[in-house]
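The sequence and structure come first, then the notes.

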Amino acid sequence: MTTQPNAQPRRGGRALAPTLAVLAVLIIGFLLFSRIWTDFLWFRSVETPQVFTIRWTNTILLFAVFFVLSVAVVLINLLVARRLDAGKRAKNKQQQTGLFVLVSIAVGVVSGLSAINQLDTFLGWRNKTDFGRPAPFFESLDASFFVFDIPWWRFVVQQVGWIFVFGLMAAAVYYFMRANSGSIKIDPIQLQRGQMPQMQLNNPFNAKAQSHLSALAGILFLVLSAWMVLHRLSFAFSDNDALFTGVGYTDHHSRIVATTIMAAVLLVIAIAFFVNIKLRRWLIPGAGIAVALVTALIAQMIVPGLIQSLRVNPSEPVMERPYIEKQIAETRFAYGIEDTEVVDYQAKTDVSAGQLRADAVALPGIRLMDPEVIAPTFEQLQQVRGYYSFPDVLDVDRYTIDGQETDAIVAVREIDRKGLPEQNQTWNNIHTVYTHGYALVGAYGNRRQASGEPEWITRDIPPVGELDQDQARIYFGEKTDTYSIVGAPEGTEPVELDTPGGNEESGGETYTTYNGKGGVPIGNLLTRAAYAARFGDINMLLSSRVNSESQILYDRTPAERVRQIAPWLNIDQDPYPAVVDGRVVWLLDGYTTSNTFPNSQRVDLRDATSDSSSSWSSTGVAREDVNYMRNSVKAVVDAYDGTVSLYAWDEEDPILQTWNKAYPGILKNKSEISDDMLNHLRYPQDMFKVQRQVLGRYHMTDPMAWYQQSDLWVIPNDPRAKDTKEPPYFLSIKWPGEEKAVFSQTAVFVPNERENLGAYMAVVADAADEDYGKIRVLRLSDTHQVPGPNQTYNAIQTDQRVQQALLPFTTQGAAEAVYGNLLTLPLGGGLIYVEPIYTRGKTQGAYPVLRFIAVRFGDHIGIGETLQESLDMVFEGDAGVDTGEKITPSEGNAGQTEQPKVGREASKAKLQEAASAYQAADKALRDGNLGEYQKQIGIARQRMEEADKALG
């Protein structure tokens, strides 16, 4: 009877562990299920379920193949080792088998997971498309073999090698443990005294064990021989002597031959190990390994080193010439710059009256608004509420307004929950109320108000202006980094904040309910529970805001959505918004890349795409180093419903064709792009930056010039940010000898170690233009120097007239000068620099306003309140053109007639405008609108200064 009370606890204790284990398995299983199920629902919501199916099917296939192979190799070798063991029979054979299985499964899981990471490599190999371009020095192989086959087969050979290494290690450890079971005796007293345990080890490797291990070693050396064969081909994309990427003289005449010899030696060693299965004489395979080591030392290290030092280096330009020729040709092809037009340009530096008359068509396209400088201006004047935000660098686009195309500075007013007061950052507010931003905001690139602020193309909430935004709500954007739960049954009171104070009828906040198709329905309990598990948020199950019609919106940034659907793409770092056919959309450029294209120079994307206006980010860039790049896809993401459309842009690209076969039905035809959308597509920035860097050296097609770097161009640092490169700029330019101005992306070069201008590069960036993508370069003369951007920036800053113009704004320390982007344009037979100069107050909430335009041509500098004044000052009082500049009255003063510029009447008019501005400032202060107060004070001060100037 006394034993009964103790029996129940023991049964309970024994039952607790299995119960906890079952619970753990159920929880882990549900978490895994929730991830897979919600992924499927997301892909179905964006109408690409085939991506989910293809990726999961092939993931399971890869995992299964390498898992089964690993388990089979390790388990079979352990079972064979036990069978061949001449020692005592295992007493606990069942437990031992269980241990074998566990070890094998562990190795299999690791191997299977490694294989999953090669999913895209596998799909590329399985669906590869030929380039129709033989690889230099391996002419029997198409370039596609290096792009698709070698990466896959290198992984397979490497993985198989590791599997057999584990099999060999497992068998050797088993033999050792069985032979020395009980031989290692550990005495605690000896350990306390610091004495080593007594060991009397037995030889674990009997004849059968030696045969077994010889067989495994033979397989390993077969794998190593196969690896050497692949390594022989990898010289086509290896950086060997740092001269260039690809096969060089020493590779061709020594290293490739040495690798072939090594493959043969390793094959012979493998055969020796197989023979040793019967002979069990380790001298032969041991001698083979010694021979292999000596061969590797001599053939792969000493001989190539001697050839490089004694034969190549003394006459490197001559010896490497044919290899440099191949490398230049392949690099120019791989980056799409083989058709670049480089022409010598004798740029004028002297000036004369009327010099710009022939280039009049280009003047209205000169962009005066800097998208990087005026971001705070957008923020202050169009933010509306603290929970809205604009990006730090705005975007450049173009629109046709009143029948005339104009460059525009655009940005989307996005929701930014960081702007909510801390007490308002509740779950309901973050996820169900503040769900979306509102409207695209745009300003003319070449216009301004009299106050120096941008002239708006479209503004405010609801949007007003020249662009019809049929659906202006922004549910998907670059700053939208959290999920929202939207939707409700018909008749339910809406809860999503829509237009704060923007309703003209009531003047108060309005609310809306999302009715788009971009979300995943979570009306049923199971789906809701799966998402609660995915996001670790129990509120999805508890909140009354989640109802039968609810949808969840997540993965809402444009780059993220495109990357999910097309993981094989590199995404440009700068998605940009546009109003297309009445809807706000995000436009993105996608790149197909490779880093194993034969004999093409490898480029680090981190370095090539970073400059003063952007920094490299892993958000879009999937591969850091590339040696082949194509802008193969134009992607469109609807800002309201998140719909993703991928258009095959470079339809001739073999890599794109490969992925189109791997994921059928994902890409739309280029012909399906609407005319309105085509007008907003532009040449991609990251592609241009990479081509710019490559062209700095690869514009030289003569091998001797390339080797000597006698005409090397480098990208200058941004004058405003000394340690970073100057970014390329979008603007409309007229190319010398042509009749019209074209929307382009431009950049400049300086000669290596110098600061004068070396070359001017531009690409036709308007996708609707028949010359889209045409790259042209003006190479400047070495004998007649043109100032470079840093020289020009310094000259403008130190110019006495510039300093005098800024003095009224900066003399009391109330404001500071902000220099805008230094634009370079081919005009007047030379190159002209245009730089907008802004002033910004030092009070809280101050923002830059455009005050002056500085111009430099040769050594001549002009500055004025308008571009026209600056140009006339430079070109002897008459540039010969009308810039078409428009300075509109500031808001609040719109509709006033043009006033005389000098005399008493002009001064009186300016004083009246100043008085009106002061009255508007007083009203704004009473209303608590500090931003408007600051704006009107600035206008008043400017009018006072203008009144003083008008009196002379």
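Across the whole structure, a search finds 35 salt bridges, a salt bridge being a side-chain nitrogen of Lys or Arg within 4 Å of a carboxyl oxygen of Asp or Glu. The model is predicted, so local features need pLDDT of at least 70 and side-chain atom pairs count only at pLDDT 80 or more, while totals for chains, interfaces and linings use all residues. Residues are numbered from 1 along each chain as its sequence is written, and side-chain values use heavy atoms, with hydrogens and water left out.

**Arg 459 and Asp 460**

- Arg 459 and Asp 460 form a salt bridge in which the closest N and O atoms are 2.4 Å apart.
- Arg 459 is partly exposed at a relative accessible area of 27%, where buried means under 20%, exposed over 50% and partly exposed in between (1.4 Å probe, protein chains only).
- Asp 460 is also partly exposed, with a relative accessible area of 25%.

- Arg 630 forms a salt bridge with Asp 650, with 3.9 Å between the closest N and O atoms.
- This pair links distant parts of the chain, 20 residues apart: Arg 630 lies in strand S25 (residues 628-638), and Asp 650 in the loop between strand S26 (644-648) and helix H17 (654-662).
- Helices (H or I, at least four residues) and strands (E, at least two) are DSSP runs, numbered from the N terminus.
- Arg 630 is buried, with a relative accessible area of 12%, whereas Asp 650 is partly exposed at 22% relative accessibility.
- Asp 711 and Arg 779 form a salt bridge through their side chains, at 3.8 Å from N to O.
- Here too the pair links distant parts of the chain, 68 residues apart: Asp 711 is in the loop between helix H20 (703-708) and strand S28 (713-714), and Arg 779 is in strand S34 (residues 775-780).
- Asp 711 is partly exposed at 22% relative accessibility, and Arg 779 is partly exposed with a relative accessible area of 25%.

**A network**

- A network of salt bridges links Asp 370, Glu 372, Asp 718 and Arg 720.

**The sheet S15-S19-S18**

- An open sheet of 3 strands has the order S15-S19-S18, with antiparallel pairing.
- Strand S15 (484-486) and strand S18 (520-521) are at the edges, each with a single partner strand, so one side of each has no neighbour in the sheet.
- S15 pairs with strand S19 (residues 551-553) in the antiparallel sense over 3 bridges; two strands pair if DSSP finds at least two bridges between them.
- Val 486 stands opposite Gln 551 in S19.
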